[in-house]
Each structure stands twice: as structure tokens, then as C-alpha cells.
Protein chains: 4
Amino acid sequence: MSEAKGRVLLAYSGGLDTSCILAWLIEQGYEVYAFMADVGQEEDFEAARKKALAVGAKKFFLEDLKREFVTDLIYPAVQANAIYENVYLLGTSLARPVIARGMIAIADKEGCDFVSHGCTGKGNDQVRFELAFYGLKPDIKVVAPWRIPGMFPLFSSYEFALLTYAAEKQIPVQQTAAKPWSTDENLFHISYEAGILEDPDTTPPADMWKLTASPEEAPTTPQKISIEFKAGLPVKVTDGSNVYTDPVDVFLALNALARKHGIGRIDIVENRFIGVKSRGCYESPAATILRVAHMDIEGLTLDRNVRALRDQFVTIELARILYNGHWFTPEREFVVSSIPASQRTVNGVVRLKLYKGNVIVEGRSSDEGLYDEKQSSMDELGGFEPTDTTGFIQIESIRIKKWAQANIRKGEAGVEPKDVYRVRV
Amino acid sequence: MSEAKGRVLLAYSGGLDTSCILAWLIEQGYEVYAFMADVGQEEDFEAARKKALAVGAKKFFLEDLKREFVTDLIYPAVQANAIYENVYLLGTSLARPVIARGMIAIADKEGCDFVSHGCTGKGNDQVRFELAFYGLKPDIKVVAPWRIPGMFPLFSSYEFALLTYAAEKQIPVQQTAAKPWSTDENLFHISYEAGILEDPDTTPPADMWKLTASPEEAPTTPQKISIEFKAGLPVKVTDGSNVYTDPVDVFLALNALARKHGIGRIDIVENRFIGVKSRGCYESPAATILRVAHMDIEGLTLDRNVRALRDQFVTIELARILYNGHWFTPEREFVVSSIPASQRTVNGVVRLKLYKGNVIVEGRSSDEGLYDEKQSSMDELGGFEPTDTTGFIQIESIRIKKWAQANIRKGEAGVEPKDVYRVRV
Amino acid sequence: MSEAKGRVLLAYSGGLDTSCILAWLIEQGYEVYAFMADVGQEEDFEAARKKALAVGAKKFFLEDLKREFVTDLIYPAVQANAIYENVYLLGTSLARPVIARGMIAIADKEGCDFVSHGCTGKGNDQVRFELAFYGLKPDIKVVAPWRIPGMFPLFSSYEFALLTYAAEKQIPVQQTAAKPWSTDENLFHISYEAGILEDPDTTPPADMWKLTASPEEAPTTPQKISIEFKAGLPVKVTDGSNVYTDPVDVFLALNALARKHGIGRIDIVENRFIGVKSRGCYESPAATILRVAHMDIEGLTLDRNVRALRDQFVTIELARILYNGHWFTPEREFVVSSIPASQRTVNGVVRLKLYKGNVIVEGRSSDEGLYDEKQSSMDELGGFEPTDTTGFIQIESIRIKKWAQANIRKGEAGVEPKDVYRVRV
Amino acid sequence: MSEAKGRVLLAYSGGLDTSCILAWLIEQGYEVYAFMADVGQEEDFEAARKKALAVGAKKFFLEDLKREFVTDLIYPAVQANAIYENVYLLGTSLARPVIARGMIAIADKEGCDFVSHGCTGKGNDQVRFELAFYGLKPDIKVVAPWRIPGMFPLFSSYEFALLTYAAEKQIPVQQTAAKPWSTDENLFHISYEAGILEDPDTTPPADMWKLTASPEEAPTTPQKISIEFKAGLPVKVTDGSNVYTDPVDVFLALNALARKHGIGRIDIVENRFIGVKSRGCYESPAATILRVAHMDIEGLTLDRNVRALRDQFVTIELARILYNGHWFTPEREFVVSSIPASQRTVNGVVRLKLYKGNVIVEGRSSDEGLYDEKQSSMDELGGFEPTDTTGFIQIESIRIKKWAQANIRKGEAGVEPKDVYRVRV
């Protein structure tokens with residue numbers, strides 16, 4: 001078979017879709033190298049290697065990217081409390097830049113002219129992968145089979161077409177009772193979408209959730225742990241006599257604890273980058289604990305004004321950047337550059353109780369000294385002059401009084417004219 | 001006793017502090033009228049009335065403000081998902097404007113020259129009350145006894161001093177085993193602060209929590225309910241055969257459900273308006289359910305860009321306005337004026353499961369039509385042209401490629417130079 | 001010739017491009033109606049009508065949209081101080097929604113299946129027109145000839161190809177010494193781009209600027225005028241004995257004054273919606289005066305906090321919405337809904353001096369009463385207690401002192417360790 | 001005379017006010033050291049030294065802070081395009097942190113227990129000085145005489161009282177025909193406020209403006225210059241054969257050019273930090289040129305999304321931080337930390353024409369490569385596929401069409417129902 005079109009590095013999953021794409025790329029005249037990233041998903045990588053080579057890949061690359069996934073992507077997201085539309089913790093979005101960077105590194109080293117992936121034409125991942133490719137290597141060429149008009153018939157009657165194509169190409173198929181939804185799994189989370197979940201009023205079946213126990217089935221005995229943060233990063237998890245300090249270990253330990261205690265499930269309708277609303281379910285076990293703990297330690301250790309500015313700008317913008325696949329962009333460089341200054345003082349320990357889906361803060365401590373028990377106390381003055389507050393309130397009221405006087409003069413306020421100050425419902 | 005200084009309307013609670021203030025105001029030469037607002041707190045109003053008159057108040061006013069508390073303050077907060085520092089649902093902040101408005105209405109009608117309150121000089125409530133007074137009636141005069149230098153000795157050895165003063169003034173004291181913390185209660189929440197809670201690493205004792213069952217003690221059987229929203233407001237709660245539609249009933253019904261199922265406890269260190277960090281614990285039962293449900297129905301029914309703008313501006317600014325006592329200000333008028341346009345399409349039903357502290361979304365539906373199952377589906381084209389996404393990605397990549405080319409030209413990026421695109425930890 | 005494809009309403013300019021498109025649409029089998037909007041541009045509408053019909057249009061529609069251009073689009077932009085990238089006053093962006101709405105009204109009434117325009121495939125206007133069409137009539141079909149692959153050859157050797165095509169189709173051509181740039185003109189502004197302007201270091205030739213005198217050639221005698229605002233809108237312009245109050249008259253009068261005095265030229269490199277940087281020159285005469293005057297009267301009459309919030313959210317978001325063609329969208333509905341509350345107090349008169357490109361504020365007055373000469377005065381107390389400021393500063397310093405103490409304790413500040421508080425250059 | 005109260009370092013100006021304060025501090029029992037900062041103001045420092053010592057200061061310190069004023073404060077303000085309320089370039093605000101830092105350094109070295117200043121109790125400068133003192137040395141004690149109740153009589157009949165006091169204390173007075181306004185001058189600007197300017201409708205007299213020629217009197221011949229930026233900083237100014245590269249020289253050269261050509265006057269009503277509206281006039285010659293030039297080079301060299309985020313957050317927040325005297329705070333540390341990433345690509349040259357108050361951009365160039373003439377061109381494809389834009393518009397329209405369909409279904413839009421999409425005026 002001719003390989004005249006050049007060499008392509010394919011993001012390979014070991015599943016039916018990318019196996020068919022692998023065969024199709026060969027059929028189209030490409031020389032195909034297969035790439036897999038280990039970002040912590042549960043997977044038989046050796047079986048995938050064999051399958052890729054059997055279908056016709058010339059080479060197979062498996063890259064263990066777990067550590068850089070944690071330190072390069074998850075860490076800044078934790079520091080910034082990144083969350084999309086107040087609910088989604090961005091597990092898939094966070095993995096894509098790491099995988100794309102791994103692919104481009106191999107593509108560079110192996111002289112690939114193209115990269116390819118199996119993402120569909122309606123989702124976020126095609127955008128995330130391709131913008132990452134272009135942000136790292138602007139002259140790379142991308143083959144996106146699902147968006148090629150000739151592939152539409154395959155796409156529009158999806159599974160049946162793929163199975164036929166697989167039979168024709170002698171691709172081994174081990175589809176045993178396929179799940180009626182799609183998933184994406186990594187160290188940080190698993191996602192569920194499509195299939196029966198497309199009706200947003202369908203409750204996900206109990207056996208869909210793969211990572212976590214349900215709150216109902218979680219242990220009836222709570223478990224207490226503590227997390228120590230330095231510069232906003234979780235540097236030590238203590239669970240009884242077990243202590244974890246390595247970044248990957250910390251994440252895996254928290255995953256195990258959260259999974260056991262039914263922590264981290266969500267079910268939402270979100271807005272994809274392309275403007276389509278989409279229903280997704282997610283389990284993000286460790287990330288859910290870390291979010292609660294990090295926000296709590298910030299309460300004790302982060303200045304009020306920095307917190308407010310960071311929440312309004314960095315938290316929201318970083319989530320948008322991640323969700324929309326804009327990691328390798330100047331705006332990510334800009335926004336992330338402000339994180340260290342926001343986390344310099346975020347040092348301390350949070351004590352937590354885990355119980356049937358709940359992450360309960362039991363206490364926190366820090367040497368930073370921004371919290372001052374005496375100053376805060378209602379029982380002593382602690383150097384505080386109550387008359388100062390009188391001055392503060394008087395100054396704060398200057399412009400408010402002017403506004404109120406103008407309202408009264410114009411008959412627009414006072415106690416009664418409700419439409420000025422009352423919300424109409 | 002002379003009343004030469006004029007007539008003052010005192011925000012009276014029935015407790016030791018404001019009873020002492022009442023006596024002190026009379027001693028200073030004021031004629032005192034006592035004011036109580038029923039904002040849903042558990043209270044023996046008749047006993048309070050008797051006590052106020054016994055201590056020397058000339059008149060006693062009890063105003064039932066529950067309904068306007070719900071419709072004028074809680075409603076916009078629900079519509080805007082208002083939350084302070086990502087955790088606190090603003091229960092005390094929401095009640096203050098309603099109480100202050102009630103007081104100013106009475107002060108106007110009864111010809112009071114002054115208003116007074118028993119808030120301490122380090123807290124938020126003094127600011128909230130006084131800015132509200134000035135925003136409604138800019139020439140009102142405020143007597144804030146705790147900030148008057150002569151009152152410092154009382155303040156600095158707080159409880160003992162008050163008891164002595166109470167004995168001296170013959171104020172009836174029914175302090176039975178005083179709780180080692182302060183509380184503020186209303187329809188929306190109860191707060192706990194001060195006393196033993198001032199050590200942020202002290203876990204609140206189990207018997208502190210007054211409103212809600214603990215998750216551990218909550219029923220082992222989940223309960224399913226549904227909430228219908230119109231224009232972002234909860235217009236119907238269905239709990240089996242029980243249906244609630246009146247605004248106050250809706251709130252009370254959700255409170256009862258949440259309290260039973262252990263929903264709505266939080267424990268945080270927050271930043272007071274005056275810049276002091278302070279530890280607070282709160283129970284906000286109904287509000288916690290409403291927040292989850294409202295954000296969920298917005299996922300299904302609110303445009304992505306409106307949601308993003310609203311989250312960044314209205315949600316954050318309204319919380320700041322409420323927390324800092326800026327309700328009767330031009331900025332509140334400005335920010336709140338944008339809420340109706342953000343909620344026009346927020347119509348639909350959310351189905352929830354309540355279980356041991358968890359509020360679990362089980363499904364949602366709406367006639368708005370912004371969610372389109374076919375368009376969202378991965379299994380069919382639904383009028384969607386995948387090639388369109390190719391164009392979208394190409395256009396989105398234009399400026400990213402330019403940036404990447406410049407990086408490469410300057411040797412600042414490519415795959416390896418990690419310091420451009422890697423976060424350092 | 002067959003008209004089997006259906007009826008199309010073409011945005012017709014009278015120029016070579018849209019005349020060729022008209023002929024091409026007919027050739028493709030469409031029945032063509034031509035549409036022109038009078039938004040204040042200098043144009044021989046009658047000649048255009050004749051030409052359209054001569055080339056083959058079945059009907060010709062001329063709509064006078066000047067008044068709604070001023071009241072529906074320009075007014076909110078003035079109220080919000082809308083400006084794109086701090087320089088561009090959005091003259092083209094503002095006209096597009098009005099023209100698109102006019103076209104959709106005719107398309108509806110006349111039963112057109114399609115709308116068409118002559119915008120190129122790299123610019124902003126194609127996006128602005130089409131998103132407006134879809135926002136008003138989501139099932140409308142758009143024919144965009146310049147983006148049709150068959151039209152590429154025409155496009156890539158642009159002018160020559162069009163002239164050839166025009167000769168072939170017997171389209172009358174009156175191109176006399178075509179200008180080496182393109183323009184878009186309306187009541188609000190004229191733009192210049194493309195051609196020799198594509199080199200951003202080329203100074204525009206003096207004879208390019210059409211509307212305004214150059215500052216050098218403007219009168220040596222300054223002219224004084226005044227503008228009265230109500231709710232942030234210019235309701236009266238007084239120029240000596242000339243007084244203008246009608247919205248369109250106000251705009252035309254200010255245009256005449258600004259053009260005479262060399263006011264309103266800019267030359268920038270801006271970022272198009274599609275991510276391409278582009279050089280544009282603009283003359284926005286009246287708009288430049290109005291911007292200076294409106295911002296000045298806001299200084300006197302608008303509350304500080306409303307101004308700050310409005311600047312950060314409405315001003316910036318409205319500019320983005322306008323520039324990107326998102327007028328008929330939910331986010332425009334949301335953002336614009338907050339304008340009235342921001343302008344309720346913006347009432348007063350600004351006195352200006354116009355001189356050789358300068359708009360100089362000479363004074364302003366208002367009855368709103370937010371400015372208080374006595375309170376502001378350094379020469380008298382005016383009811384102000386200087387000790388209040390002491391309290392204000394003490395309270396403001398609470399969290400700053402805590403931060404400074406922590407810095408010192410950690411050896412991170414003090415007077416010397418410059419890298420904490422010094423900016424490195 | 002006793003000096004029992006301790007040693008105080010006084011910010012001394014050489015004028016009547018601070019000379020009286022010096023005498024008063026001695027009278028109160030302080031040992032007084034006098035401090036002057038040379039931040040570029042026109043001043044006879046030697047005369048001031050003699051006067052301070054004559055009035056009774058024990059030591060006199062003169063610190064030349066011009067260079068750090070430029071590099072530490074002005075530079076980040078230029079990079080961030082900092083401007084307050086869209087008009088004021090923050091000249092006084094920028095100098096205060098440098099002066100305060102200079103004072104604290106001397107106070108530390110000389111063992112002063114107190115610092116003092118002559119700012120009045122209604123202005124911004126008292127806040128700026130004191131918050132800066134506390135941010136650098138949280139335990140410093142501040143003596144603010146104008147806010148001390150005993151000083152009120154002096155304050156309320158200001159000038160007469162001071163002259164009497166000066167006579168009594170034998171303070172030399174050289175007040176010759178005092179100006180009916182106050183000024184603050186430094187390298188960056190001069191401000192005028194108070195006195196006759198307190199009526200906001202009074203046009204400032206022509207002889208008030210000290211630094212700049214009026215546009216009317218400026219040369220009739222324009223002058224062309226160029227400014228080169230590196231990382232957003234002006235590293236070279238070329239004016240004919242004159243070339244300036246040193247940071248202070250660059251600023252002084254631009255000052256001379258702008259002053260000659262009548263550039264940099266403004267007249268506004270602004271909102272002071274304490275909430276009082278105040279009228280100020282300012283001349284900021286070099287800063288006005290730099291602002292125009294820096295924004296222009298950003299058009300050519302800064303990514304669109306970075307610019308938008310920086311404008312909305314850094315530009316606005318930095319101005320607020322500066323104006324309110326929050327330089328030595330955690331929020332300044334946070335906000336400023338993001339500036340370098342925003343300016344990495346801001347490299348290039350801007351060519352300007354200066355003429356009678358106008359700063360006219362004539363062209364700009366850069367090697368950054370973010371502007372691509374071919375890509376931007378309307379006359380060639382330049383690698384651009386117009387069909388891509390079709391896809392882009394289709395994707396952009398997805399959610400807009402859904403909104404429009406819902407509007408139509410509910411009878412809330414279409415062409416006519418104006419109240420949905422029309423702005424009411």
C-alpha cells in the first residue's frame with residue numbers, strides 16, 4: 001500500500017473508533033504511527049499496542065504523562081480554584097494540553113507531517129487538541145477524519161457503520177455489551193456523555209458511575225484526614241498513619257479516599273465551546289476534596305482583595321481558557337503568570353471529615369498570621385479602636401447620602417417609592 | 001428622667017445586650033421606642049415586648065417582614081446565585097436591608113430623631129445597618145453605643161460588665177447557661193461566631209448546629225422533590241403529594257426538607273468588610289437546595305454568554321454589595337437592574353434527591369428550547385455540518401499560530417523550552 | 001433566465017462589487033431584489049436605483065434608517081462610552097444592526113428566501129451582517145458570494161476580474177481613478193482600510209481624509225459650544241444662537257462643527273473578530289465631541305461605584321458585542337438592560353471649546369447635587385469631620401498591616417528587599 | 001523645649017503649611033527631622049533646607065528619587081495604560097509611594113518613632129501616604145496634624161490662621177500674591193485644585209497652566225518624533241538628530257516636546273477615594289504622548305485576547321490601586337505580577353506628529369510578526385480560506401439561532417416586537 005501522503009501520528013485509544021481511523025488513514029495513503037498517553041486512565045496498554053500494530057501502525061508510542069499532568073496542569077487549576085460554569089472541574093480539558101504536547105514532541109522527533117485524532121465534529125476535544133497542536137507547532141497539519149465529508153455516512157449511523165468497516169478491515173472487535181454512553185477517563189476524573197444521557201431528564205443509572213461509591217453505599221463511618229498546602233499546592237496528605245507527599249501519590253491517595261466515601265459526582269448541562277448545550281456526568285474524586293480544602297485554606301491565609309480580584313479574573317478566565325482549549329495561547333501565559341503572587345501566602349493545614357458524599361471542614365491552621373484571633377474577637381479590643389469604625393462608616397456613607405438626597409429631592413426614593421430600591425419579581 | 005435628647009428607635013432583640021442599651025439610652029436622656037422585625041427567627045416576641053416596656057421603652061413595634069425578606073432580598077440573590085467568597089450564602093446580609101427599611105419606615109411615621117442598634121464595633125452589621133439607614137434617610141442620626149468611648153469598659157470585659165449593668169438597672173436576665181458563641185437567625189439561615197469559634201482550628205461542637213440534622217443523623221432513606229422555576233424564581237416545590245407555591249411557603253417547605261436531610265452547614269474563615277478575618281459557621285438549609293437547583297436549571301435554559309457575563313459581574317458584585325451593606329446604593333440599583341434580562345429564559349423544572357447532606361440533581365426539563373437533543377447528539381448530524389467546525393477551528397487558530405510562530409522565531413517556544421508554557425511550582 | 005433558486009434580497013451599494021454580485025446572482029438562477037439603507041452616507045441613491053434595475057434587479061428598496069440608527073444604536077453607545085480597544089468608536093459596527101434589521105423587515109414583507117451581501121471573507125462585516133440576520137430570523141438563508149469557492153479567482157485578482165466581469169455583463173462602470181483604499185461611510189463616521197493602508201507604517205495621504213479638515217487647516221479661532229445631557233443623552237446642542245434638539249439634528253450639527261475644527265481622526269491597528277490584525281483609519285466627528293462631553297458630565301453626575309462597575313463591564317462588553325456583530329443576541333439584551341440605571345442621574349450641561357483637533361472642556365454644571373462644593377472644598381469643613389478620615393484610614397490599613405507584618409516576619413519586605421514590592425524592568 | 005514625645009520625620013515642602021506644622025510639632029514636644037523628596041518638581045531645595053532648619057528642624061534630608069519614580073512607578077503605569085476614570089493619568093498618585101518609601105528608609109535609619117505630613121483631612125494624599133507607611137512599616141506611628149481636633153480652627157479659616165501662626169512662631173513667609181488654587185508638581189505632572197477651581201463651571205484662567213503652552217500659542221509647525229518600545233517600555237526617543245535612551249532623559253525629553261506643543265492638559269471632576277467629588281486640572285505632558293504611543297504599538301504587537309483581559313482587569317485595577325494609595329499591598333503585588341507577561345511582545349517603533357495639543361500617530365513598525373500584511377489584505381488570499389469563515393459564522397450562530405427561535409416561539413421577537421431588541425430612550 002502506498003504511503004505517499006506522508007507520515008501521520010494518530011492519537012490512538014485502543015478502541016473501535018481510532019482503530020477504524022487507523023485503518024482508514026492507511027487506506028488513504030498515510031504511513032501511520034500510533035500514540036497513546038498514560039494520563040492515569042484504566043487501560044490495557046499492551047493490548048492496545050498489539051492491536052495498533054495488528055491493524056497496521058508502523059510504530060507505537062506510549063508516553064507516561066501522569067506526573068506532568070499533575071504538576072503542569074492540575075496544580076495551577078487547584079491554585080486558581082478553576083471551575084467551569086460553577087460545576088465542572090475540567091478533568092478532560094486539563095488532560096488535553098498534556099497529551100497534545102506529548103504528541104507534538106513525538107511528531108517532531110519522528111518527523112511526522114501530520115497528526116490525527118478520533119474526536120467527533122460536534123465536541124470540545126477536537127478544538128482542544130487542534131488549538132494545542134497549532135499553539136505548539138503552527139505549521140503542523142491535522143487530519144480530522146470525522147469532519148471529512150466522505151466520513152459522514154459512517155458518522156451518521158455511527159456504531160453500525162464502524163462495525164461493518166471493522167469487519168471489512170479485519171480489525172479485532174471486543175465490544176462486549178457496549179455502554180449506552182461515552183466516557184473519557186484519566187487520573188483526575190471520568191466523564192460520561194451521549195447515548196441515553198442526551199435526554200437531560202434521564203437520571204443516570206446507578207451502574208454508570210465507575211469511580212466512586214454512591215453516597216448511599218459509602219461507609220457509615222466518617223474518615224478524618226488533613227491536607228497541608230504550600231503556595232496553594234497540596235504538599236502533604238495525612239490519613240491516620242498514612243502520609244503522602246509526592247504530587248502523584250497525593251492525588252492518588254485522595255482519589256482512593258474520595259472514591260470510597262462517595263465524593264465527586266456531578267451531573268450538569270453545560271455549554272460547549274461551539275455553542276451547543278450538552279449534558280455531562282462526571283466523577284472527580286480527589287479534585288473535589290482539593291477544591292474544598294484549598295478554598296478553605298485561602299479563607300485563612302489569602303488577603304481579601306487579592307482573593308476577590310483572583311476570583312473575578314483568574315478563576316473565571318482560567319476555566320474558560322482550559323475549557324475552550326486555549327492552553328497554548330498568549331492569554332494562558334498572561335493569566336497563569338499572576339497565580340504565584342496570589343498563592344505566596346497560601347500555606348497551612350486543613351482538617352477534613354469525609355462522609356457519604358460530604359467533604360466537611362473541621363478546622364484549619366496556618367503560621368501566616370493574616371488571621372488574628374484577638375483582632376477578630378468580639379470579647380476584647382485587641383488594639384482596635386471602635387471609634388475608627390465610626391469614621392469608616394461616615395466616610396463610606398458620603399456618596400450614599402448624596403445619592404439618597406438626590407433621590408428624595410426628585411421624589412424618587414424615601415421609604416416608600418418602591419420602584420427605585422425594590423426588586424420587581 | 002429627662003428625655004431632652006430626643007426620640008430614638010432602637011433595634012431591639014429581647015436579649016441582654018439590647019436591653020442594657022435600652023436602659024443606657026434612657027439614662028443618657030433619650031425617649032426610646034423599641035423595634036423588632038420578624039424575619040423568620042425563632043423568638044418569643046410577646047416576651048420581648050413585655051421586657052422592652054419593662055426596661056423603659058415608651059412604645060414597642062413588631063413588624064412581620066418575612067414576605068418582603070423573601071421577595072425583595074432573597075429572590076434577587078437566588079436569581080443571581082449570590083455567594084460571598086464562594087462559600088457564604090449571605091443570610092445575615094440579606095436580612096439587614098429589610099430590617100433597616102422597616103425601622104426607617106417606623107422612625108419616619110413616629111417622628112424619631114435617632115435610630116440605634118446593638119452591633120459591636122468590629123463587625124459587619126453595624127456597617128450594614130448604618131449605610132442602609134443613610135441610604136434611605138440621609139439625615140437620620142445614629143446612636144451606636146458600642147462605639148462610644150464611654151462604653152469601652154463594658155465592651156472589653158463584655159459579658160460580666162453587662163450582667164453587672166443589668167443587675168444595676170433591674171433588667172431581667174434569663175441567661176441560662178449561655179452558649180459560648182453568638183448567633184443570628186432568620187428565615188434564611190442561622191450564623192454562629194465568636195467565643196470558642198474564634199480559634200479557627202476548633203471543630204464546632206455537635207450540639208451547636210441548631211437548624212439541621214447532621215448528615216450522620218439524617219434519614220438513611222433519600223427523598224425526591226422537584227422545583228419549578230419561572231424567570232429564575234422558585235414558583236413551585238413538589239414533595240410527593242405536597243405542593244407549595246406561595247413564596248414564603250416555598251422557602252419554609254425547602255427549609256423543612258433540608259433541615260431533615262442535613263443540608264446547608266458550612267464553616268469558613270471569611271473577610272469582614274473592615275478587613276479583619278473572622279471565622280463563621282452557618283446553616284442555610286433552603287438556600288443550599290435552591291442554589292443547586294437554580295444553577296442547574298440555568299445550565300439548561302440560560303445562554304452561555306449571558307451566564308458567563310452574569311457570573312463574572314452580577315454574581316460577584318451583588319455578593320459584595322450585600323456583604324458590605326451597600327443595598328441602598330446606586331451600585332445596587334445598577335447591578336440589580338440587569339437581573340431580569342438574565343432570567344427571562346430561566347424556566348423549567350429540576351428534579352432532586354436529598355440524602356445525608358447531599359443535594360443530587362436527578363434530571364431537569366424546560367420548554368425554552370435552548371437545549372436541542374438532536375444538535376447535541378453524537379449519534380446524528382442534526383442539521384450540523386462538521387466541516388463548519390473545521391472553519392471555526394481554523395479561524396480560532398489564526399492569532400494562536402501567529403503567537404506560536406513568533407515564539408519559535410525568538411526561540412521562546414516549540415516543544416521543549418518549558419518556561420514559556422510550563423507552570424513552575 | 002430561470003429564477004428557480006428563489007428570491008434573494010441583496011444589500012446593494014451602487015458600486016462595482018455589489019453590481020457584479022447582482023449580475024452573478026441572476027446568473028446563478030436567483031430572482032434579485034436590491035436593498036439600500038440610507039444611514040447618512042453621501043450617496044446618489046437615485047443613480048444607484050437606476051443601476052440596480054438596469055443590471056437586472058426586479059425591485060429596489062431604499063430605507064431611510066438615519067433616525068433609528070441614532071436612537072437605537074448610537075444612543076446606547078454614547079451612554080455607555082463604547083470604544084473598541086481604547087481607540088475605535090465603532091461607526092461601522094453601529095450601522096450594521098440597523099441595516100440588517102431593515103433588510104430582514106423587507107425580506108419578510110416581500111417573501112425573500114435568501115439575503116445576500118458583498119462583504120469579503122476576511123472582514124468583520126460578513127460576520128456582523130450574518131449574525132444579525134440569524135438573530136432576527138434564524139431560518140433565513142444567506143448567500144455570501146465572496147466565500148463561495150467558485151468566486152475565489154475573482155477575489156484573488158480582485159479589481160481586474162470585476163471589471164472584466166462587469167464588461168461581460170454590461171454593468172455600467174464609472175470608476176474614475178479609484179482610491180487605493182476602501183471606505184465605509186455613514187452618519188457617524190467614515191472608515192478607510194486596505195490598499196496602501198495595509199502597510200501600518202505608511203502615513204495616510206492628506207487627501208484621504210474626507211470628512212474633517214486637518215488640524216493644521218482648521219480655523220485659527222476656537223469655537224465655544226455647549227451640550228445638555230438628559231439620562232446620558234445629548235438633548236440640546238447650543239452653538240451661539242443656533243440650538244439643536246432633534247436627535248438627528250444634534251448629531252448633524254455636531255458633525256458639522258467637528259469637521260470644521262479638525263476633530264475625530266484616528267489611525268490604528270486593531271484586532272478583527274476573526275483574529276487578524278488590521279490597520280484602519282477613521283473619522284468620527286460628532287462622536288468624538290460627544291465622547292469627551294459625556295464622560296465629563298458623568299464625572300459631575302454619576303456615582304463613583306456605578307461608574308467603575310459600568311466602565312469595567314458595560315463599556316468593555318458593549319464594545320465587544322458591537323464590534324463582533326453580536327447585537328441581536330441574549331448578551332446584548334442583558335448588557336444593554338443595565339444602561340438606564342447607570343444614566344438616571346447623568347443630567348447637566350458641558351461647555352466646550354473646539355480648536356484644531358482639540359475638544360477642550362471649559363466647565364460643566366448640573367442640578368443633580370452629587371457634587372457638593374462645600375464638601376469638596378479645602379477651605380472649609382462643610383460638615384465634614386477630619387477625624388472620620390482617621391478612622392477610615394485605620395480600618396483600611398488593617399489588612400495591609402497584617403500583610404506587611406507577615407512580609408517582615410518572613411524577611412520578604414521591610415524597606416529594602418526590593419523584589420517584593422519593586423517592579424523589575 | 002522638651003522633645004519627650006519622640007522623634008518625628010516630617011514630609012516637608014518648604015511652604016507655609018508644613019513650616020507651621022514643623023513649628024507646631026516642636027511645640028507639641030517632638031524632635032523634628034525634615035524630609036524632602038526630589039521627584040522632579042521645580043523647587044529651591046537649598047532655600048527649603050535653610051528654612052526647615054531655621055524653623056527648628058534638627059536634621060534635613062533631601063533624597064533624589066527621580067530615577068526610581070520613573071522606573072518603579074511610572075514604568076508599570078505606562079505598560080498597563082493606567083488611567084483613572086478614563087481621564088486622569090495619576091501623576092500625584094504615582095509619586096506618593098516613592099516618597100513614602102524614601103521617608104520610611106530615612107525613618108528606619110534615623111530611628112524616628114513617628115512620621116508626619118501636611119495633607120488635609122479631605123483629600124487622597126493623606127490616605128496614600130499613610131497606607132504606604134503602614135504597608136512598609138506596620139508599626140510606624142503617624143501624626144496627621146490637620147486631622148487633630150485642636151487644629152480645626154486653623155483649618156477652617158485656613159490661610160489667615162496660618163499666617164498668624166507663622167508670625168507668632170517667626171516662620172519666614174514669602175507668600176507673594178498667593179495663587180487662588182493649590183498645586184502638586186513632579187516629573188510626571190502638575191495638578192491644580194481647590195480655590196476658584198471648586199466651582200466646576202469656572203474655566204481655569206489662562207495663566208494657571210504652568211507647564212504647557214496652550215494649543216493656541218503652540219508652534220504652527222508640527223514636529224515629528226519616534227519612540228521605540230521594548231517590553232512595553234520607551235527605550236528610545238528620536239527627535240530629529242536628538243536621541244534619548246536613559247529612562248529619566250526619555251521622560252524629560254518627552255516633557256519638553258509636549259510642553260512646547262501644548263500637549264497634556266485636562267480638566268475633570270473626579271471621585272476621591274473618600275467618596276467626595278472633586279474638580280482637578282492637570283498637565284501631564286510626556287505621559288500623554290507615551291499613552292498614545294504605547295496603546296498604538298500594542299495594536300500592532302499585542303495579542304487580542306491578552307489586550308482585552310489586560311484592559312478589563314490590570315488597567316482598571318492598577319489605576320484604582322494607585323489612586324487609592326494601595327501600592328504597598330498584596331493586591332498591587334498580585335496585579336503587577338501579570339504585567340511582564342502582557343508586555344513580552346510589545347516591541348516596536350511608533351512615529352508621531354506633535355501639533356497644537358494633538359498627538360497624531362503617523363505609522364508604526366515591529367519585528368514581532370503578529371501583524372501579517374498578506375493575511376490582513378483584502379486583495380489577496382494569503383493562505384486564508386474564505387470558506388473557513390463560513391464555518392466560523394455557522395458555529396458562532398448556533399446559540400444565537402436557538403435564542404432567536406425561542407423568542408419567535410414566544411412571540412417575543414421577529415422583526416417587529418421592538419421592546420426585546422430595541423433600546424428605549
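Which residue in S7(C) stands opposite C:Ser182? In this predicted model, the residue opposite C:Ser182 is C:Glu193. The two strands concerned are S6, covering residues 182-185 of chain C, and S7, covering residues 190-193 of chain C; they pair in the antiparallel sense over 4 bridges. Together S6(C) and S7(C) make a hairpin, with 4 residues lying between them. As a general point, side chains in a regular strand alternate between the two faces of the sheet.

The contact between chains was examined next, beginning with chain C and chain A. On the side of chain C, 31 residues are in contact with 31 residues of chain A. About 2,600 Å² of area is buried between chain C and chain A, and carbon and sulfur atoms give 50% of this area. Within chain C, the residues that lose the most area to chain A are C:Arg344, C:Arg399 and C:Lys402, which together account for 24% of what that side buries.

Two helices of chain C, H10 (304-323) and H14 (386-409), are the elements that give two or more residues to the side touching chain A. Of the elements, H14(C) gives the most to that side, with 14 residues. By residue type, the side of chain C that touches chain A divides into 9 nonpolar, 9 polar and 13 charged residues.

The rule for salt bridges finds 6 across the interface of chain C and chain A. One salt bridge is formed by C:Lys410 with A:Glu368, where the closest N and O atoms are 2.8 Å apart. Over all chains, the structure holds 119 salt bridges. Among them is a salt bridge between the side chains of D:Lys410 and B:Glu368, with an N to O distance of 2.8 Å. This pair joins two chains, because D:Lys410 lies in the loop between helix H14 (386-409) and helix H15 (418-421) of chain D, while B:Glu368 lies in the loop between strand S14 (358-365) and helix H13 (373-376) of chain B.

The relation between chain C and chain A was then considered. In general, two copies of a chain are related by a rotation about an axis and a shift along it. Chain C is superposed on chain A by a rotation of 180° with 0.0 Å of shift along the axis, at an RMSD of 0.0 Å. That is the relation of a two-fold axis. The copies meet through the same surface, because 100% of the interface residues of chain C are also interface residues in chain A.

Methods
Residues numbered from 1 in each chain as written. Chains lettered and ligands numbered in written order. Predicted model: local features only at pLDDT ≥ 70, side-chain atom pairs only at ≥ 80, totals over all residues. Heavy atoms only, no water. Contact = heavy atoms within 4.5 Å. Buried area = accessible area lost by both parts, 1.4 Å probe. Salt bridge = Lys/Arg side-chain N within 4 Å of Asp/Glu carboxyl O. Nonpolar A, V, L, I, M, F, W, Y, C, P; charged D, E, K, R; others polar. Least-squares fit on C-alpha atoms with pLDDT ≥ 70 in both. Pairing = 2+ DSSP bridges.
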